Amino acid sequence: MAVKKPDLLEKRIKAKEKENVQKTVVGLTALIFITAFIIAGLDFKYDWSKLPMVVTYISTGVLFIAYGLYVEVLRENEYLSRTIEVQEGQKVVDNGLYGIVRHPMYSATILLFLSMPIVLGSLTSFAVMLIYIPIINARIKNEEKVLTEGLEGYGEYMRKVRWKVLPFIW
């Protein structure tokens, strides 16, 4: 990103949330992330979880796929920002991964957040990371409200692309 899209990188680093819902989501996500890694360390130290190595290998594959999806989303959407906002001149992105689900970045982060504890061998940490799902759902609800109100064509896009995060499920 630093080489190919420095302006996008700058937006993602310097952005501050304006919506109260989004500020809460970001704070809770950080808390969950830190808590999950502390618990994973304690799980390792006290040997709470025993996972077969094949589960770890599969989770590692899921983690790499999630990173690939994350990079693809960054490539596809030049309007992508850490904050929920409508940018000047912004248009609805409806091709690629955005033609399958409306929020492929959240799909990637869910896969990332849920695969990391398993890669670390911690079912307890995985349970903590599951809290991310209702939190990201709150973010999506608020984001879709902002985009529907402020981005021309987003309502039509929502009718065209039915699934928010996971095809046929959510």
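Me: How many aromatic pairs does the count come to?

Reply: The count comes to six aromatic pairs in this predicted model.

Me: Why is the pair of Tyr46 and Trp48 called stacked?

Reply: The ring centres of Tyr46 and Trp48 lie 6.1 Å apart, with 20 degrees between the planes. Rings pair if their centres lie within 6.5 Å, and planes under 30 degrees apart count as stacked. The two rings therefore form a pair, and that pair is stacked.

Me: Are these two residues buried, exposed or partly exposed, and how do you know that?

Reply: Tyr46 has a relative accessible area of 49%, and the value for Trp48 is 46%. Buried requires under 20% and exposed over 50%, so both residues are partly exposed.

Me: What makes the pair of Tyr154 and Tyr157 tilted?

Reply: For Tyr154 and Tyr157 the centre-to-centre distance is 5.4 Å and the angle between the planes is 55 degrees. Stacked needs under 30 degrees and edge-to-face over 60, so this pair counts as tilted. Both residues belong to helix H7 (residues 154-160), where they are three residues apart, about one turn of the helix.

Me: Which residues do ring pairs link into a cluster?

Reply: The cluster consists of Phe33, Phe37, Phe113 and Tyr132, linked by ring pairs. Among the contacts of Met129, leaving aside its neighbours within four places in sequence, are Phe33, Phe37 and Phe113. Ile32, Ala36, Leu114 and Pro117 are also in contact with Met129 on that basis.

Me: How do you know that the span of helix H3 is close to the expected one?

Reply: Helix H3 (residues 53-76) has 24 residues and reaches 35 Å from its first C-alpha to its last. At 1.5 Å a residue, 34 Å is expected, and the span of H3 is close to this. Its buried residues are Thr56, Ser59, Leu63, Ala66, Val73, Leu74 and Glu76.

Me: What span does helix H2 reach, and what covers its buried residues?

Reply: Helix H2 (residues 20-46), with 27 residues, reaches 39 Å, close to the 39 Å expected at 1.5 Å a residue. Its buried residues include Val25, Ile32, Ala36 and Ile39, as well as Gln22 and Asp43. Their cover includes helix H4 (104-119), helix H5 (123-129) and helix H6 (132-150).

Me: What makes the phi of Asp47 worth a remark?

Reply: Phi of Asp47 is near 55 degrees, a positive value in a residue other than glycine. Most residues other than glycine have a negative phi. Asp47 follows H2 and lies in the loop between H2 and H3. Its relative accessible area of 43% is between 20% and 50%, so Asp47 is partly exposed.

Me: Why is Phe168 called exposed?

Reply: The relative accessible area of Phe168 is 70%, and exposed means over 50%, so Phe168 is exposed. Phe168 is found in the segment after H7, and its phi is also positive, near 70 degrees.

Me: Why is His103 called buried?

Reply: His103 has a relative accessible area of 4%; buried means under 20%, so His103 is buried. His103 is placed in the loop between H3 and H4. Not counting residues up to four places away in sequence, His103 touches Ile140, Glu143, Glu144, Tyr154 and Lys164.

Terms used:
Residues are numbered from 1 along each chain as its sequence is written. This is a predicted model: local features need pLDDT of at least 70, side-chain atom pairs count only at pLDDT 80 or more; totals for chains, interfaces and linings use all residues. Side-chain values use heavy atoms; hydrogens and water are left out. Helices (H or I, at least four residues) and strands (E, at least two) are DSSP runs, numbered from the N terminus. The expected span of a helix is 1.5 Å times one less than its number of residues. Buried means under 20% relative accessible area, exposed over 50%, partly exposed in between (1.4 Å probe, protein chains only). Contact means heavy atoms within 4.5 Å.
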